[in-house]
Amino acid sequence: MRRLGRGTMDYDKLEHALRHDPEGAAPAELRASVVGALEDIASGARPLRAVRHPLGFLCLPLLRDGARGICLHLFESGGAGGADGAPVEPLAAPMHAHSWELLSHVLYGRVANLPVRVTEDAARPTHRIYEVRSEPGGVDELLPTQRLVRGEPGPEHTSSGGETYAMAAGEFHATVVAKGSPAATLVLGRSLPGRSDLSLGPLHGDRHRMVRRLCGAGHTERTVRTALRRIHAEQRD
């Protein structure tokens with residue numbers, strides 16, 4: 001197998017590595033690629049700033065290639081730190097469905113996914129479906145639709161460091177990380193045409209907007225250095 005270059009974010013190679021050797025040598029090479037990319041950010045060689053995601057984690061957008069992208073999601077103890085170091089609290093409903101299919105590799109920690117079975121039920125609804133429209137400037141607008149549904153959480157599936165999981169576009173779920181237990185995932189996403197990002201929200205909620213704020217350069221670098229230490233510790237274990 002052709003080796004991944006240090007710090008190189010090549011979508012096709014990373015996807016092949018995870019799908020064909022999810023727990024063997026390929027993820028070890030993937031981690032080496034991630035470490036190289038993070039070292040560039042930590043040193044200031046790559047001026048990338050983390051984004052405070054409304055769902056409560058920090059996102060490092062490592063690659064954008066048309067409909068495809070690679071991000072690092074950092075779930076920190078007590079919430080991911082924001083631009084001022086304050087915890088990021090989830091601002092959107094945690095039960096959501098992406099317009100893109102994802103492949104996620106846990107670099108360290110434990111990440112639980114809770115599938116949610118959604119059925120149309122205007123007579124006994126528990127939630128309204130909201131469409132999430134994201135603007136290039138980092139603004140998310142949540143629009144209430146006419147769809148009233150019942151959302152029934154299913155059994156939780158937990159992935160630990162070194163494991164990979166996949167999720168189809170349109171699949172409602174909630175991602176859960178225990179408080180005080182930091183985790184990080186490398187996420188490969190591929191957008192599908194004609195799909196919308198969706199969220200389960202209150203029955204009588206209004207249209208509203210959320211802003212994804214950038215962390216400062218110094219805070220981003222400190223957070224990345226912490227992630228690097230944890231990745232190295234996971235490798236030693």
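This report walks through the fold of one protein, from its overall make-up to a few single residues.

The model is predicted, so some caution is built in: local features need pLDDT of at least 70, side-chain atom pairs count only at pLDDT 80 or more, and totals for chains, interfaces and linings use all residues. Residues are numbered from 1 along each chain as its sequence is written, and side-chain values use heavy atoms, with hydrogens and water left out.

## The whole protein

The protein has three helices and 14 strands. Here helices (H or I, at least four residues) and strands (E, at least two) are DSSP runs, numbered from the N terminus. Of the 237 residues, 45% are buried. A residue is called buried under 20% relative accessible area, exposed over 50%, and partly exposed in between (1.4 Å probe, protein chains only). The accessible surface comes to about 11,700 Å², and 50% of that belongs to carbon and sulfur atoms; the areas come from the Shrake-Rupley method with a 1.4 Å probe, and for residues only the protein chains shown count as cover.

A contact means heavy atoms within 4.5 Å. Among contacts between residues at least 6 apart in sequence, 80% join residues at least 24 apart.

Strands of a sheet pair through backbone hydrogen bonds, either parallel or antiparallel. In this report, two strands pair if DSSP finds at least two bridges between them.

The 20 residues of α3 (residues 217-236) should span 28 Å at 1.5 Å a residue, and the end C-alpha atoms are 29 Å apart, which agrees. The expected span is 1.5 Å times one less than the number of residues. Buried residues in α3 include H219, T223, A227 and I231.

## Strand pairs

| Strands | Bridges | Facing residues |
|---|---|---|
| β1 and β2 (58-65) | two bridges | R52 and L58 |
| β6 (110-120) and β8 (139-153) | five bridges | V118 and G151 |
| β7 (127-134) and β8 | seven bridges | H127 and V149 |
| β8 and β14 (208-211) | four bridges | V139 and V211 |

β7 and β8 also form a hairpin with four residues between them, and G138 in the turn has a positive phi of about 95 degrees.

Is T185 buried or exposed? T185 lies in strand β12 (residues 183-191) and counts as buried, at 2% relative accessibility. Beyond its neighbours within four places in sequence, T185 is in contact with residues including C71, F75, H105 and V111.

S99 sits in the loop between β4 (96-97) and β5 (100-108), yet S99 counts as buried because its relative accessibility is 10%.

T119, in strand β6, is partly exposed, with a relative accessible area of 25%. Not counting residues up to four places away in sequence, T119 touches L148, V149 and R150. The C-alpha atoms of T119 and G151 are separated by 6.8 Å, though these residues are 32 residues apart along the chain.
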